[in-house]
Amino acid sequence: MGLTEDDTGTTPLNTLSERAGYVGVAPLVLCLAAVGLLPAYAWQELAQRAALAWGAVLLAAAAAVHCGLALAGGLPSGRSRIAGLLVAALVGAGGVVVGGQRGLALLVVGHGGFWLYEKHALGSRLPAAYLALRRQVTFATCMLLALTMFVSDAAGLS
């Protein structure tokens, strides 16, 4: 039984897809380690910017999945739904533009907010295994971004 399979009789996610979801947060682990362990300020700053960029990519990718489902007819594509997807992408871009610790905090809020949107607004239309995977990946992403923010502060990064 995969980590996202439950006992409600739903079909488990493809294990390769499931692993890809978890591997997607690996760059955030590397960025966190780099911010905390690299000796040069310039390299720490680069690692922080990489965490910002990757966090924004993950947020936009989560929104893109819903956009694809709406285009394919798997989800209704009302104006409010499309607006929600655009907000997720804009929050990701905003995190990159703001940068630093504030940008990391914005991405944490964006990832958490998008997961709440998925669970409460779309929970009945999405497979339970998908929601379980998204919950775990979102939790890991939020924790790694928040830890990067704290380590950035300790390293003297803005």
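Biologist: Which helix supplies the largest share of the lining of the largest pocket?

Modeller: Helix α6 does, with six residues. Helices are DSSP runs (H or I, at least four residues; strands are E, at least two), numbered from the N terminus. This is a predicted model, in which local features need pLDDT of at least 70 and side-chain atom pairs count only at pLDDT 80 or more, while totals for chains, interfaces and linings use all residues. Residues are numbered from 1 along each chain as its sequence is written, and side-chain values use heavy atoms, without hydrogens and water.

Biologist: What makes a space a pocket and not a cavity?

Modeller: On a 1 Å grid over the protein atoms alone, a cavity is a set of points where a 1.4 Å probe fits but cannot get out, whereas a pocket is an open set with protein on both sides within 12 Å along at least five of seven lines. About 270 Å³ of space lies in the largest pocket, the volume being the space filled by probe spheres set on points joined across faces, edges and corners. Lining residues have an atom within 4 Å of a point; of the 13 here, G21, L58, A62, R134 and V137 are the closest to the centre.

Biologist: Why is Q48 called buried?

Modeller: Buried means under 20% relative accessible area, exposed over 50%, and partly exposed in between (1.4 Å probe, protein chains only). Q48 has 4% relative accessibility and therefore counts as buried. This residue is found in helix α3 (residues 41-72). Beyond its neighbours within four places in sequence, Q48 is in contact (heavy atoms within 4.5 Å) with V35, G100, Q101, L104, S152, L157 and S158.

Biologist: What makes a set of residues a nonpolar core?

Modeller: Its members are buried Ala, Val, Leu, Ile, Met, Phe, Trp, Tyr and Cys residues joined through side-chain atoms within 4.5 Å. The largest such core has 15 residues, and those touching the most other members include A51 and L104. Helix α6 (128-155) is one of the helices that each supply at least two residues of this core, and its share, five residues, is the largest.
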